[in-house]
Structure formats: C-alpha cells, structure tokens
Amino acid sequence: MQSQQNKITQLFEIQYPVIQAGMIWHSGWKLASAVSNCGGLGLIGAGSMYPDVLRENIQKCKQATDKPFGVNVPMLYPNLDEVMQIILEEGVKIVFTSAGNPKTYTGALQKEGVKVAHVVSSTKFAIKCEDAGVDAVVAEGFEAGGHNGRDETTTFCLIPNVKNHISKPLIAAGGIALGSQMKAAMILGADGVQIGSRFAATVEASAHDNWKKKITELNEGDTHLTLKELAPVRMVKNKFFNELEDIYNLGRNTEALVASLGRARAKRGMFEGDMEEGELEIGQVSALIHDVLPVETVFKNLLKEFQQAENPVL
C-alpha cells in the first residue's frame, strides 16, 4: 500500500489510514506509540485507566513518538470530566468517543483544537454523529470484540449504508485483521479502518501473555455476543461466560448479571491472565490470528496484504 493522502490521513496527519482501537487493558502507551511510529494512528484506551494512570500513559506516549496519537474514551465510564480535562491539559489533539451521546463533548473539545471521532453501530447513530459535528465517524459491525451494538449489523452491511447517508470521513471497524479485509472495507466506502483484535495480540499490547496466547488459539464460533440487557459485549466462551448463561437460564436476572460482572472480571481475564474466571473480550476475526507479533511486523503484513489483494475482474 502506497502512502497517499485521503480523508483520514489528512484529518489526523498520519501516513496510512489505519487506526488502532483503544481497547481496555490492551492499549497503553507502548502499543499506541508503536502504531503511530509505523505511520498509523495509535489510541490509548482510557476505559481501563484511572485518571492519573491515563495522564502517565499520555506523557510516556509523547516521549515515545513524535507522531500523532489519540485517546479513546468510552462515555459509559465514570470521571469523564476529569478524563477530558487531562486530555486537554496534556495537549492531546485526537479523541475517539464511544458508548454515549456524541454531542456531549464534541463541541468543547473542538474549541480546543481537538479532532473528534465517534464510534457507532448503526446508520441512525452515524447520522446523529454528523449532526453533532464530529470530524469522523467509526462504523463498527457486530463482529467486533468488546462492547457492541444491539442491532447485530455486520460490517459488510453497515459500511455501505452509512456511506450513503453521511459525508464525514468514514472509518470501518469490526472483523478487520488482514490487508485484504482493509481493502474490502475501503471498496465498500470506508476512508480508513480501525483494527482492534489483531493489535491485541502484539508484543506491545499491555494485556497478559496468557490472554495473547489464547487469542491465537481461538476458532470460529468461540466468541459470542451477550449481555444485551446491560451493554452488549462480545466475549470468549469460558467458565465465566457459562456462568452468565446459567443466570440467563434462571430467568435473565439483571441484578445477578451486574453482581457477576462487578468483580472486575475484564481486568481479571485480559490483564491478570485468568482464562477461566475472567471476561475475555475479542472479535470474531480472532479466528484468523495465529501468532503474537511485534506491531511493526503486523503493520508490514497489513500493508503487504493490502497491496497483494486483487480487485476482482468480471
């Protein structure tokens, strides 16, 4: 893939239209800076960081790269005002928001010179993003790992529909780990891609090595979208997942679901390495990930695969 200017590279001042998702327990300064140094856009995942930890990660990322990077902020988490203040104080110029109303912070951030992208799972909310004045829209299909949309719309269906309804730069997410998938997303109308699962299984990701190894062992059907009553999330089927299924079988007791989740399950699984009792969030595309690699190698493979992927001839 040749370095060339398009809507996404111009907007974020990067070399390639590749964004690394700001994943909880994965996306610290090491991962974000490595992706940015390769010419993409690295994102620090604020969702699993206390405010002081976020500030430390931003400061270390600034030391590790002179390229643009950003922060992903899931708006269903606490301390939002404090998080946004830290972002402004540290001079971060790119923010990706998700799981909330795009109007809440977009205007205030843009007044300070910050570019804002918002993650959605439907055309309806993509239109609301455009109305809210965001700089770019991330449309994420339900193949994606972690928190997800309730509509279960796949990336292949979502991207062309969103493209027909908005004029803002469009980033495709969900089910993208190969260069050929990146090319497919851009043929469908995306200006760039956001990749999570492939970057989760990298040397620089801050997740536990047990979890990274587990990602490389997953097959089709090993992940499932659940917890629609609370906030839909795609996770690996393990002992914890089966416990949730048991709660469903007993009558979908929302209080019991909240109690089970409240024991720091995501941290226990992805960060501390408990593969049975922890919550393991990853996308369906994990079935295509067979090794833990340095970010630089992942990036080279992605660009090579993009270049080699042939457009079909009728």
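A: The dialogue below takes the sheet, the aromatic pairs and the charged side chains in turn. The model is predicted.

Q: How many bridges join strand S8 to strand S9?

A: Strand S8 (residues 170–173) and strand S9 (residues 192–195) run parallel and are joined by three bridges. As a case to find in the model, Ala173 has Gln194 in S9 as its bridge partner.

Q: Where is Ser98 found, and which residues does Ser98 touch?

A: Ser98 is found in strand S4. When residues up to four places away in sequence are not counted, Ser98 touches Asn72, Val73, Pro74, Met75, His118 and Val119. Ser98 has a relative accessible area of 13%, and it counts as buried because buried means under 20%.

Q: How is a pair of aromatic rings described, and how many aromatic pairs are there?

A: A pair of aromatic rings is described by the distance of the centres and the angle of the planes. The count for this structure comes to three aromatic pairs. One of them is formed by Phe12 and Phe96, with 5.7 Å centre to centre and 40° between the planes. This pair is tilted. Phe12 lies in helix H1 (residues 7–12) and Phe96 in strand S4 (residues 94–98), so the pair ties together parts that are 84 residues apart in sequence. Both Phe12 and Phe96 are buried.

Q: What is the arrangement of the aromatic pair formed by Trp25 and Phe271?

A: The rings of Trp25 and Phe271 are tilted, at 5.1 Å centre to centre and with 40° between the planes. Trp25 lies in the loop between strand S1 (18–20) and helix H2 (29–37), whereas Phe271 lies in helix H13 (residues 265–271). The pair thus links distant parts of the chain, 246 residues apart. Trp25 is buried, at 17% relative accessible area, while Phe271 is partly exposed, at 36%.

Q: Which residue lies over the face of Phe306, and which over the face of Phe142?

A: Lys183 lies over the face of Phe306, 5.0 Å from the ring centre. Arg234 lies over the face of Phe142, 5.0 Å from the ring centre.

Q: How many salt bridges does a search of the whole structure find?

A: Side chains of opposite charge can pair when their charged atoms come close. A search of the whole structure finds twelve salt bridges. In one of them, the side chains of Lys62 and Glu90 meet at 2.9 Å, N to O. Lys62 is in helix H3 (residues 51–64) and Glu90 in the loop between H4 and S4, 28 residues apart. Lys62 is partly exposed, at 38% relative accessible area, but Glu90 is buried, at 10%. Arg55, Lys62, Glu89 and Glu90 are linked in a network of salt bridges.

Q: What parts of the chain does the salt bridge of Asp191 with Lys163 tie together?

A: The closest N and O atoms of Asp191 and Lys163 are 3.8 Å apart. Asp191 lies in the loop between helix H8 (179–187) and S9, and Lys163 in helix H7 (residues 155–163), so parts 28 residues apart in sequence are tied together. Asp191 is buried, at 10% relative accessibility, and Lys163 is partly exposed, at 30%.

Q: Is Arg265, which forms a salt bridge with Glu243, buried or exposed?

A: Arg265 is buried, at 3% relative accessibility, whereas Glu243 is partly exposed, at 25%. Their closest N and O atoms are 3.1 Å apart. Arg265 belongs to helix H13 and Glu243 to helix H11 (residues 239–249), 22 residues apart.

Definitions and conventions. Residues are numbered from 1 along each chain as its sequence is written. This is a predicted model: local features need pLDDT of at least 70, side-chain atom pairs count only at pLDDT 80 or more; totals for chains, interfaces and linings use all residues. Side-chain values use heavy atoms; hydrogens and water are left out. Rings of Phe, Tyr and Trp (its six-membered ring) pair if their centres lie within 6.5 Å; planes under 30 degrees apart count as stacked, over 60 as edge-to-face and the rest as tilted. Helices (H or I, at least four residues) and strands (E, at least two) are DSSP runs, numbered from the N terminus. Buried means under 20% relative accessible area, exposed over 50%, partly exposed in between (1.4 Å probe, protein chains only). A charge sits over a ring if NZ of Lys or CZ of Arg is within 6 Å of the ring centre and within 35 degrees of the ring normal. Two strands pair if DSSP finds at least two bridges between them. A salt bridge is a side-chain nitrogen of Lys or Arg within 4 Å of a carboxyl oxygen of Asp or Glu. Contact means heavy atoms within 4.5 Å.
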